[in-house]
Amino acid sequence: MRKFALALLGVLSLLIVFVAQPAHAAAGFTVSGGRILDANGATFVMRGVNHAHTWYTTRTTQALADIKALGANTVRVVLASGQRWTKNDAADVTNVINQCKANRLICVLEAHDTTGYGEEATAATLDQAVDYWISVKSALAGQERYVILNIGNEPYGNTGAAAWTDATRNAIVRLRAAGFEHSIMVDAPNWGQDWQFVMRDNAAAVFAADPQRNTIFSIHMYGVFDTAAEITDYLGRFRSAGLPIVVGEFGNLHSDGDPDEDTIMATAQSLGIGYLGWSWSGNGGGVEYLDLVTGFSPAALTSWGQRLFSGANGITATSVEASVYGGTTPPSSPSTPPSTPPSTPPSTPPSTPPSSPPAGLCSAAVSVNSWGGGFVATVRVTAGSAALTGWVVSLALPSGAAVTNTWSATASGSGGTVRFSNVAYNGSLAAGASTEFGFQGTGAAPTATPGCSIS
């Protein structure tokens, strides 16, 4: 997000045709007919906000808990790839994903250094953004159910925006060749606002370049989108073409014009399109009015925050939690985590499953991200040499530790030895296949090896 040059919108025809998604063994999110589906095949509509993690790393743990408590189902997290801002390494990315999962939020991770390439001298290219994602792949592997990969924020300014099509196609192809199974999100050029319609008119070709047909388009709506006609036309064309789109950023005011946030939210709701407001807190440079809360305090909603969360077609009224977290009514927010993340980020969770157990049995391995007074644990369950239809994991917690929140499993008990049972969508595992669940707790983190049995 930044100031944008307001340009005259021309009337161009949309030459997008529907491209069917090929059969593909989905690891996480997919798209079909313009809709975003989660790993269970349930339609998922993003309702959330952006959070500038890379500039406010010590605020993230509390911010994500507060964002969830206000009803969001998604957070778009600003990361840096190292060209303009200090790189967020794999350990930090792991921590962010764990915090998203602890708060039952879907993580859209974006590399911000690409912002305004062609006009910003130090901006990264999309190719450099791909290099970054490959460098932190260890943190992303196995997280396809919870993470969407936004290659680069607003990857072209108003100069040279026509190059967006080839650069975006090449970036997608490189990510797939590197083994990424995630849904990929791509931002529009023109500082994200696509006033030259480069993304709009080439979206079908970009979508077809993805061998998995699992690309989501993101439009940023600020001053260029100041009338209802511009908004409904742009979003409607993608919906009619069967191409997935979200409003990845928008605000209620901007220096380049006055966005029509009421129409943005109403149209997104009527068309089943996701939206992510910019941004939680910490804006500067004359756009402080884009803060949703003042000073990172959820008790200090700004007028923009009140509109986004509590207004017509707002987050509180329309957000539905992703079914990968159990498909139930969103729980109350977990016990308040510390205001700062751990001083030493955790090591990356195991990239390979544990050794295969005997036929008909299962095994479990746990990785932990802990801080003073609390922790988040991710448990990987692996079937033996025979398929199974249900599993139970038993894990002994240290004295005084307690489970406060669980996702992708059902917990029996909160202290001592806790039993975690599969939920409906992850109990059946083919021979040698794995699934993951997680939980958040207070007190000392578990160190015992979990036991696994079939049910």
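Buried means a relative accessible area under 20%, exposed means over 50%, and partly exposed lies in between. The exercises below use a predicted model.

**Exercise 1. Burial at a disulfide**

Find the bond between Cys 362 and Cys 452, give its handedness, and state whether its two ends are buried or exposed.

*Solution.* 
Step 1. Take the sulfur atoms of Cys 362 and Cys 452. They lie 2.0 Å apart. The cut-off for a disulfide is 2.5 Å, so the pair qualifies.
Step 2. Read the torsion about the S-S bond. For Cys 362 and Cys 452 it is -100 degrees, and the link is left-handed.
Step 3. Cys 362 is in strand β11 (residues 362-371) and Cys 452 is in strand β18 (residues 451-454).
Step 4. Check burial. Cys 362 and Cys 452 are both buried.

**Exercise 2. The other disulfide and the pattern**

How many disulfides does the structure hold? Describe the link of Cys 100 and Cys 107, then write the pattern for the chain.

*Solution.* 
Step 1. Count. There are two disulfides.
Step 2. Take Cys 100 and Cys 107. Their sulfur atoms are 2.1 Å apart, and a disulfide joins them.
Step 3. Read the torsion. It is 65 degrees about the S-S bond, and this link is right-handed.
Step 4. Cys 100 has a relative accessible area of 1%, so Cys 100 is buried. Cys 107 is at 0%, so Cys 107 counts as buried too.
Step 5. Number the bonded cysteines along the chain. The pattern is 1-2, 3-4.

**Exercise 3. Two aromatic pairs**

Count the aromatic pairs, then classify Trp 280 with Phe 309 and Phe 420 with Phe 439.

*Solution.* 
Step 1. A pair of aromatic rings is described by the distance of the centres and the angle of the planes.
Step 2. Apply the distance cut-off. Centres within 6.5 Å make a pair. The count comes to 16 aromatic pairs.
Step 3. Take Trp 280 and Phe 309. The ring centres are 6.3 Å apart and the planes stand at 85 degrees, so this pair is edge-to-face.
Step 4. Trp 280 sits in the loop between β10 (274-277) and α9 (303-310), while Phe 309 is in helix α9. The two are 29 residues apart, and the pair links distant parts of the chain. Trp 280 and Phe 309 are both buried.
Step 5. Take Phe 420 and Phe 439. The distance is 4.8 Å centre to centre, with 25 degrees between the planes, and the pair is stacked.
Step 6. Phe 420 lies in strand β16 (residues 417-421) and Phe 439 in strand β17 (residues 434-442). They are 19 residues apart, and their pair links distant parts of the chain. Phe 420 and Phe 439 are buried.
Step 7. Widen the view. Phe 420 and Phe 439 belong to one aromatic cluster with Phe 375, Trp 391 and Phe 437.

**Exercise 4. Charges over rings**

Which rings have the charged ends of Lys 137 and Arg 200 over them?

*Solution.* 
Step 1. Start with Lys 137. Its charged end sits over the ring of Phe 180, 5.5 Å from the ring centre.
Step 2. Go to Arg 200. Its charged end sits over the ring of Phe 197, 3.9 Å from the ring centre.
Step 3. Check the distances. The cut-off is 6 Å from the ring centre, so both values pass.

**Exercise 5. Helix packing**

Classify the packing of α5 with α6 and of α7 with α8.

*Solution.* 
Step 1. Take helix α5 (residues 164-177) and helix α6 (residues 198-209). Their axes are 10 Å apart, at an angle of about 25 degrees.
Step 2. Apply the limit. Angles under 35 degrees count as roughly parallel. Therefore α5 and α6 are roughly parallel to each other. The crossing of α5 past α6 is right-handed.
Step 3. Take helix α7 (residues 228-241) and helix α8 (residues 261-271). Their axes come within 10 Å and cross at roughly 25 degrees. Therefore α7 and α8 are roughly parallel to each other. The crossing of α7 past α8 is right-handed.

**Exercise 6. Contacts across the sequence**

Compare sequence and space for Ser 297 with Asp 66, and for Val 423 with Gly 326.

*Solution.* 
Step 1. Locate Ser 297. It is in the loop between β10 and α9. Its relative accessible area is 25%, so Ser 297 is partly exposed.
Step 2. Pair Ser 297 with Asp 66. They are 231 residues apart in sequence, and 8.3 Å apart in space, C-alpha to C-alpha.
Step 3. Locate Val 423. It is in the loop between β16 and β17. At 16% relative accessibility, Val 423 counts as buried.
Step 4. Pair Val 423 with Gly 326. They are 97 residues apart in sequence, and 7.1 Å apart in space, C-alpha to C-alpha.

Conventions:
Residues numbered from 1 in each chain as written. Predicted model: local features only at pLDDT ≥ 70, side-chain atom pairs only at ≥ 80, totals over all residues. Heavy atoms only, no water. Phe/Tyr/Trp six-rings, centres within 6.5 Å; stacked < 30°, edge-to-face > 60°. Helix = DSSP H or I, 4+ residues; strand = E, 2+ residues; numbered from the N terminus. Buried < 20%, exposed > 50% of the residue type's maximum accessible area, 1.4 Å probe, protein only. Lys NZ or Arg CZ within 6 Å of the ring centre and 35° of its normal. Axes fitted to C-alpha atoms, helices over the stretch in contact; angles between N-to-C directions. Parallel < 35°, antiparallel > 145°, perpendicular 65-115°, else oblique. Left-handed = near helix turned anticlockwise from the far one by under 90°.
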